[in-house]
Amino acid sequence: MNEEKIVYHLNLNEAKIKRAHYALLTGDPERVSDIVSAFDPQAAEIACRREYRTFLGQMNTHPVLVVSTGIGGPSTSIAIDELAQIGIHTFIRVGTTGAIQPNVGVGDVIITSGAVRLDGASTHYAPIEYPAVSHHEVLFALIEAAQNLSIHCHVGITASSDTFYPGQERYNSYSKYVLKRFQGMTEELRKLQVLNYEMECSTVLTLCSCMGLRGGCVTGVIVNRTKEEYIETEDLKSGEINAIQVAVKAMSYLINEQK
Ligand code: URA
């Protein structure tokens, strides 16, 4: 690709990102600065358009992007596609999640090995039979990072849903109604050993695998759905901070190994 050519939504090109190959992704534009300051407090914002806010930082002398994707599969798919067009080959999603297993605590992190594809966006890139799996090098780096940081982690399967309320079987929505096809889903997923709900992993993992890129996801637990439907604001921080630490350290391992 012509290195001057700007990708449409992210407003970036190869020159602006200093030919970076690594990106940390997160849903919330406000979380981007928290993530980048965990490895490069001098980093600068290089683009901000719609939900896509991008900082360019340095990690072990390599350029690394931190980019917000907005919530859910459609906007995440645009971020991954456009970042791949300008040379990014390794993606770590860092976000927050609701656990559905009783043994997973608030503040723990979940490292996703594979995702249940309850999203729609990933089906525009690969058929539903195609697995949403983490790249093994990214997965190993995330596990090693959590262990070395002594952060309590769970490795396993995540359910990624297009909606926060009915698609995660929440009854505290405006209508309080959950479609019949979602009623009882949380209990079924729990029995199938699924660890958690969130909204972007299946898109990240499917798109990365099917396009020959590397993807992995770490999320911080901010609610345990076996106990609560609501998210308490004081529970948000510990999950977020732990997931950020794990993601940043894992990225530094991948960069050091030039993987
Ligand atoms: N993000 C989600 O999608 N669900 C939760 O329960 C928490 C964070």
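## Burial and leucine 56

Buried means under 20% relative accessible area, exposed over 50%, and partly exposed in between, with a 1.4 Å probe and protein chains only. Because its relative accessibility is 13%, leucine 56 counts as buried. This is a predicted model, in which local features need pLDDT of at least 70 and side-chain atom pairs count only at pLDDT 80 or more, while totals for chains, interfaces and linings use all residues. Residues are numbered from 1 along each chain as its sequence is written, and side-chain values use heavy atoms, with hydrogens and water left out.

Leucine 56 is placed in strand β3; strands (E, at least two residues) and helices (H or I, at least four) are DSSP runs numbered from the N terminus. Not counting residues up to four places away in sequence, leucine 56 touches Lys16, Ile17, Lys18, Ala43, Ala44, Ile46, Pro63, Val64 and Leu65, where contact means heavy atoms within 4.5 Å.

## Nonpolar cores

A nonpolar core is a set of buried Ala, Val, Leu, Ile, Met, Phe, Trp, Tyr and Cys residues joined through side-chain atoms within 4.5 Å. The largest has 33 residues, and those with the most contacts inside it are Leu24, Phe39, Ile92, Leu142, Val218 and Val246. At least two residues of this core come from each of β1 (22–26), α1 (31–37), β3 (52–59), β4 (62–68), β5 (90–99), β6 (109–118), α3 (136–148) and α6 (233–256), and α6 gives the most, with 10 residues.

Apart from this core lies another, of 27 residues, including Val7, Ile17, Leu25 and Ala132.
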